[in-house]
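Me: I have a fold open on my screen and would like to talk it through. Could you go over it with me?

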Amino acid sequence: AAQARIAELEAGLREANKVASHDPLTGVLNRRGLQEAYDRETARAKRTGQQFTVALLDLDDFKRVNDQYGHAVGDAALLHLTRMIAETLRPTDICCRLGGEEFVLLMPDSDLAAAKKALARLQQALGKHAVAGSDIVLSFSAGLAKVEADNTLEQQLELADRAVYRAKAAG
């Protein structure tokens, strides 16, 4: 009985950790999970000497989707995006929802050129597939930042955010 109880408690702990580190809507990592993944991937990049890129994605006109179609369709759009990310990018790329329509991709073993190509593939895939049950085709603006050895997650997000801003300004 003690064995079963321990197994039950361990399962509960795993579930609590998942709830604490994952976005309830999309199932991808949340900000807390992002920090843990960033620390892990930064340490791995240091060990292996591989390049590592952070991408910040901001869905275009998402407020209009919510206003025009309602939040249920907005939620479906966010789920659609995370599904397309999972189908289009590598299994080693890590998707996190920062909040609202902002997502962060951790792209280990990727330089800026490889990350740009991956995002172009994602943008193309989104262009071909409308959100289920609608005619909404999503697009995003993105900013990329190569991870520098001792940058904190906040510093990397700031760099990527500036790049998003430039991308939006450039159309």
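Me: Let's start with threonine 42: buried or exposed?
Reply: Threonine 42 is buried, because its relative accessible area is 11% and buried means under 20%, exposed over 50% and partly exposed in between, with a 1.4 Å probe and protein chains only. This is a predicted model, in which local features need pLDDT of at least 70, side-chain atom pairs count only at pLDDT 80 or more, and totals for chains, interfaces and linings use all residues. Residues are numbered from 1 along each chain as its sequence is written, and side-chain values use heavy atoms, with hydrogens and water left out.

Me: Where does threonine 42 sit, then, and what does it touch?
Reply: Threonine 42 belongs to helix H2, where helices (H or I, at least four residues) and strands (E, at least two) are DSSP runs numbered from the N terminus. Leaving aside residues up to four places away in sequence, threonine 42 touches Phe52 and Ala149, contact meaning heavy atoms within 4.5 Å.

Me: Switching to the sheet, what is the strand order?
Reply: The order is S2-S3-S1-S4 in an open sheet of four strands with antiparallel pairing, and two strands pair if DSSP finds at least two bridges between them. Strand S2 (94-99) and strand S4 (140-146) are the edge strands, each pairing on one side only. On average, neighbouring strands of this sheet are turned by 20° against each other, direction ignored.

Me: Which strands does H2 touch, and which does H6 lie across?
Reply: Helix H2 (residues 31-48) packs on the sheet and touches S1, S2 and strand S3 (102-108), its direction making about 140° with that of S2. Helix H6 (residues 153-170) lies across S1, S2, S3 and S4 and runs at about 140° to S4. For these angles, axes are lines fitted to C-alpha atoms, for helices over the stretch in contact, and angles run from 0 to 180 degrees between N-to-C directions.

Me: And how do H2 and H6 pack against each other?
Reply: H2 and H6 pack at an angle of about 105°, with their axes 11 Å apart. That makes H2 roughly perpendicular to H6, since angles under 35 degrees count as roughly parallel, over 145 as roughly antiparallel, 65 to 115 as roughly perpendicular and the rest as oblique. In this contact, Arg31, Leu34, Gln35 and Tyr38 of H2 meet Leu153, Glu154, Gln156 and Leu157 of H6.

Me: What about the nonpolar core, which members touch the most others?
Reply: In the largest nonpolar core, which has 27 residues, those touching the most other members are Leu57, Ile85, Leu105, Leu119, Leu122 and Leu138. A nonpolar core here is a set of buried Ala, Val, Leu, Ile, Met, Phe, Trp, Tyr and Cys residues joined through side-chain atoms within 4.5 Å. Helix H5 (112-128) is among the elements that each supply at least two residues of this core, and H5 gives the largest share, six residues.
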